[in-house]
Structures are given as C-alpha cells and as structure tokens.
Amino acid sequence: MRTGLDSAFERACRMIGTTTHRRLGEVRAAESVAFARASAEHDRRFLDPGREDFRVHPMYLPSQLRGPDGADTAEYRPDGMFADEVPGTAGLDVRLLAGGQTIEFCSTPPLGVPLEVTRTVNGVDWKGSDGGEFLLITVSKTYRVTGSVTLAIVTERFIVR
C-alpha cells in the first residue's frame with residue numbers, strides 16, 4: 001500500500017538539484033524590531049532603530065519565508081505551514097517537523113533594499129526502522145541583496161513522518 005510518505009519521497013527525489021527563487025521585499029526596521037522583541041532580545045542595538053548602531057537581528061533574515069505581503073490562504077497547509085516549504089509534501093497528509101538548521105552569516109542585512117532567497121533541494125533520505133520510518137529532507141537557502149551581496153547561507157533539514 002502506497003503511503004503519503006512514499007509519495008513525499010518520490011516527489012522530493014525528483015526535486016533534488018532544483019532551485020527556486022523568491023523575492024522577499026525590503027527589510028524594514030519596524031518588522032525587524034518586532035521580531036527582536038518576539039525573540040526576547042534585550043540588546044538595544046536590535047530594538048531601537050533610532051540608535052546609530054541599530055542592526056537587523058541576525059535571526060530575522062533566515063526566518064523570512066515570504067515577502068511582506070505574506071501568502072494567499074490556498075498557499076497554507078491545514079497545520080499552518082506554507083504548502084511548498086517542505087519539498088515534495090504539498091497536499092499530502094504527512095507530519096512535518098524541523099530537523100535542524102545551520103546558518104553562515106555573511107553580511108549584515110541592510111534596511112530598505114530588496115532581498116531575495118534561492119532554495120535548492122539537496123537531498124532526501126529514509127531514516128528510522130520498521131514502523132518508525134521518516135524522511136529527512138535537506139535544502140539550502142541563500143539570502144541576498146537582490147542580484148548582489150550574499151547575506152546568509154542556510155542549510156535546513158525537515159523531518160517528514
């Protein structure tokens with residue numbers, strides 16, 4: 001019997017090596033400050049855009065999945081994740097979990113300039129044992145000033161059950 005997990009594996013395997021591009025819009029101080037507050041940040045450099053040494057919180061950029069306009073209702077899974085965030089799983093009845101992330105910060109994100117992210121599907125592996133199998137899907141994302149400076153390189157792993 002074919003399961004959602006089997007379908008996710010086949011779909012994700014077909015996507016290995018594919019790269020997608022998404023425009024994220026501009027980083028705005030108010031949104032960066034809101035992120036820093038929600039992250040329980042206390043460093044005033046991330047909380048007060050009036051400061052000369054104000055900076056975008058380093059984790060704000062890798063948290064960006066869509067531009068400031070968000071997404072249409074049809075782009076969400078019933079569990080609230082974006083349908084296309086975990087390769088090969090759109091429309092399938094599977095459970096998704098974060099499986100780890102590494103981030104290489106390359107440059108401080110500037111305010112007021114357009115940013116983009118490219119995502120490449122790197123791999124998909126079966127893990128676990130009889131009755132406890134799951135997929136581990138690995139993707140890499142590169143955040144850039146549109147057509148220019150690399151800001152961060154992120155490797156993400158997703159567990160699919």
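How many nonpolar, polar and charged residues does the lining of the largest cavity have? Before the answer, a word on the model: it is predicted, so local features need pLDDT of at least 70 and side-chain atom pairs count only at pLDDT 80 or more, while totals for chains, interfaces and linings use all residues. Residues are numbered from 1 along each chain as its sequence is written, and side-chain values use heavy atoms, with hydrogens and water left out.

The lining of the largest cavity has 5 nonpolar, 2 polar and 1 charged residues, where Ala, Val, Leu, Ile, Met, Phe, Trp, Tyr, Cys and Pro count as nonpolar, Asp, Glu, Lys and Arg as charged, and the others, Gly among them, as polar. A cavity is a set of points, on a 1 Å grid over the protein atoms alone, where a 1.4 Å probe fits but cannot get out, and its lining residues have an atom within 4 Å of a point. The largest cavity holds about 50 Å³ of space, and the residues around it are Leu24, Gly25, Glu26, Val27, Tyr60, Leu61, Gln64 and Leu115. Strand 1, residues 19–26, gives the most to this lining, with 3 residues.

Stepping back, the protein chain has 2 helices and 5 strands, which are DSSP runs numbered from the N terminus (H or I, at least four residues, for helices; E, at least two, for strands). Along the sequence they follow the pattern α-β-α-β-β-β-β.

Of the 161 residues in the protein chain, 35% count as buried, that is, under 20% relative accessible area, with exposed meaning over 50% and partly exposed in between (1.4 Å probe, protein chains only). A nonpolar core is a set of buried Ala, Val, Leu, Ile, Met, Phe, Trp, Tyr and Cys residues joined through side-chain atoms within 4.5 Å. The largest such core has 14 residues, and Val86, Leu135, Ile137 and Val160 have the most contacts inside it. Helix 1 (4–15), strand 3 (114–127), strand 4 (134–145) and strand 5 (150–160) each give two or more residues to this core. Apart from it lies another core, of 12 residues, including Leu61, Val117, Tyr143 and Ala152.

Finally, Ser148 lies in the loop between strand 4 and strand 5, and it counts as partly exposed because its relative accessibility is 42%. Ser148 and Leu115 are 33 residues apart in sequence, and their C-alpha atoms are 9.2 Å apart in space.

Conventions. 1 Å grid on protein atoms, 1.4 Å probe; cavity = no way out; pocket = protein on both sides within 12 Å on 5 of 7 lines; lining within 4 Å. Points joined across faces, edges and corners; volume = space filled by probe spheres on them.
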